[in-house]
Amino acid sequence: MLDRIIQTDIPTLEKETYKAQAETLKTRLKALEQEIKEKKLPVIILFEGWGASGKGYVIGKTINCLDPRSYKVYSTVKASEEESRLPLMHRFWKNIPEKGKLSIFDRSWYQEIVPASLEEKLKDEEVLDRMNMANVFERQLTDDGYLIIKFFLQIDRQEQKRRFKKLLDSKDTNWRVSDLDLKRNRSYDQYFVEYDKMLEYTNTDYAPWTVIDSSNKYRTVCEVFKTIITAIDDRLLNRSSEIGEEPKRRIPKEIFTMATKPPLNLIKLDKTLSEDIYTEELKKQQKRLSKLHQRLYASQLPVVICFEGWDAAGKGGTIRRIASALDPRGFEAVPIAAPAPYELNRHYLWRFWQHLPKTGHIVIFDRTWYGRVLVERVEELTDEKRWRAAYQEINEFENTLFESGVLVLKFWLHIDSDEQLRRFNDRMNTPEKRWKITDEDWRNRDKWEQYETAINDMLQKTSTDFAPWHIIENNDKKFGRIRTLNILNDTLEMWIEKHR
């Protein structure tokens with residue numbers, strides 16, 4: 001792909017000619033900024049390319065056209081020790097823009113592919129996994145209305161060497177050239193091959209690459225401006241964009257292996273546990289969990305535990321029994337309520353990426369991203385196209401976590417309608433519990449059959465072999481708590497043994 005650099009109708013520009021053309025393009029870009037804000041279009045612009053290819057210069061010229069309140073610039077360097085303890089894509093999900101704003105990346109997630117493939121000596125399978133993560137990330141965002149504009153600034157080896165020398169010859173700029181930069185120049189041909197593979201594989205119809213010959217900085221700026229303007233115009237006018245190189249293709253969505261679950265009406269809820277056995281088993285399982293948590297920390301293995309269930313199904317009580325066995329320095333419990341306005345202004349998965357565990361830590365979610373295919377579906381808070389797409393997005397999200405070394409455990413706490421009504425009435429009649437019951441709970445109960453249909457669909461479409469659902473019979477809370485702790489402990493033990 002690098003040998004098929006985008007052809008431009010802008011000739012090699014001299015400074016005065018550039019100024020005239022650039023002013024016209026800047027005026028149009030400023031006008032588009034207002035349209036982006038009014039139409040709530042979130043835009044991501046990323047710049048990749050060789051060292052000294054002019055990324056900083058071009059970004060500077062681009063942001064000079066924009067209101068500083070409308071954008072943020074992120075400079076991607078090697079992940080810090082703290083960032084490296086989180087899933088690979090975490091720091092990039094964290095920085096996606098709100099609707100109507102722009103995120104500009106000076107280098108991006110592609111740094112985790114090249115130069116990482118050479119400098120971290122990644123295996124071919126790991127490089128492929130990372131490219132797939134990038135494609136999934138970009139497709140999920142563009143499916144949600146984001147516009148992603150990707151630039152690769154290309155210069156040849158000799159031009160790069162000449163620019164490095166010029167920088168090194170001045171005491172004011174020699175700090176900008178590192179030993180690693182010079183090493184990469186000496187290995188230019190190897191990097192060229194890896195960049196070319198990356199660009200070909202990640203050049204998709206929803207996020208195509210624009211590769212620009214940046215040997216002339218004035219022409220480069222004009223070409224970048226033109227490409228951004230065209231892409232935004234096309235999106236705002238709902239035209240198919242012509243930017244980028246052929247071939248553009250949509251990466252096929254992965255088909256996951258499912259762990260089949262029975263429909264809820266076939267789940268027997270008559271299992272009980274005596275108080276004596278419950279007390280004995282609870283103490284035993286909590287002690288076991290405490291030791292496993294220590295081993296998880298020593299092995300630096302992160303865990304996500306997800307709880308979903310009917311209203312009043314007993315999620316809070318189960319979570320308390322788990323939490324009391326854990327070292328408080330090594331876990332977090334995250335209650336999920338209706339999204340705040342700043343969360344609604346981003347992709348719905350964004351807020352969950354904010355709470356993922358570091359290596360060795362556990363995060364417990366009291367309700368999760370499954371709200372998209374449950375309450376948002378039943379209450380018609382999200383259009384049908386988007387909640388149907390969420391099954392695939394959720395499987396991809398959980399697979400990304402799994403591929404990043406995160407164990408994902410999912411529990412559905414199941415009760416029948418009669419038991420729910422009994423618990424609702426108990427809450428209404430007990431002053432210290434009354435805060436737990438809301439008008440919304442009663443409204444949800446009126447839609448029991450609709451929710452049951454949505455839950456069955458969720459269980460069938462998102463119970464994968466790497467993140468299966470565990471259905472917990474919770475009419476008897478004592479039985480449900482012990483069963484949950486048993487599954488949790490058995491799974492943690494197998495996970496730790498697998499990674500020894």
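Trp50 is buried in this predicted model. Its relative accessibility is 3%, and buried means under 20%, so the residue falls well inside that class. Tyr188 is also classed as buried, at 5% relative accessibility. In total, 30 aromatic pairs were counted. In one of them, the ring centres of Trp50 and Tyr188 lie 4.1 Å apart and the planes meet at 15 degrees, so this pair is stacked. The two partners are 138 residues apart in the chain. Trp50 sits in the loop between strand 1 and helix 2, whereas Tyr188 belongs to helix 9. A second pair, Phe105 and Trp109, is edge-to-face. Here the centres are 5.3 Å apart, with 75 degrees between the planes. Both Phe105 and Trp109 are buried.

An open sheet is built from 5 strands in the order 2-3-1-4-5, with parallel pairing. On average, neighbouring strands are turned by 20 degrees against each other, direction ignored. The parallel pairing of strand 2 with strand 3 runs over 5 bridges. Ser75 has Asp106 of strand 3 as its bridge partner.

Helix 9 (residues 188–201) lies across strand 1, strand 4 and strand 5. Its direction makes about 160 degrees with strand 4. Helix 10 also touches strand 1, strand 4 and strand 5, and runs at about 160 degrees to strand 4.

Helix 2 (residues 55–63) has the buried residues Lys55, Val58, Ile59, Thr62 and Ile63. These residues span an arc of only 125 degrees around the axis, which means that they are on the same side of helix 2. Their cover includes strand 1 (43–49), strand 2 (71–75), strand 3 (102–106) and strand 4 (147–154). Helix 10 (217–236) contributes to this cover as well.

In soluble globular proteins, nonpolar side chains tend to be buried together. The largest nonpolar core in the model contains 108 residues. Within this core, Trp109 and Trp369 have the most contacts. Helix 20 (residues 477–498) supplies the largest share, 8 residues. Another core, of 33 residues, lies apart from the largest one and includes Ala22, Leu25, Phe47 and Phe151. Beyond its neighbours within four places in sequence, Trp369 contacts Val304, Cys306, Tyr348, Leu349 and Phe352, together with Ile394, Phe397 and Glu398.

Terms used. Residues numbered from 1 in each chain as written. Predicted model: local features only at pLDDT ≥ 70, side-chain atom pairs only at ≥ 80, totals over all residues. Heavy atoms only, no water. Core = buried A, V, L, I, M, F, W, Y, C linked by side-chain atoms within 4.5 Å. Buried < 20%, exposed > 50% of the residue type's maximum accessible area, 1.4 Å probe, protein only. Helix = DSSP H or I, 4+ residues; strand = E, 2+ residues; numbered from the N terminus. Contact = heavy atoms within 4.5 Å. Arc of directions from axis to C-beta. Pairing = 2+ DSSP bridges. Axes fitted to C-alpha atoms, helices over the stretch in contact; angles between N-to-C directions. Phe/Tyr/Trp six-rings, centres within 6.5 Å; stacked < 30°, edge-to-face > 60°.
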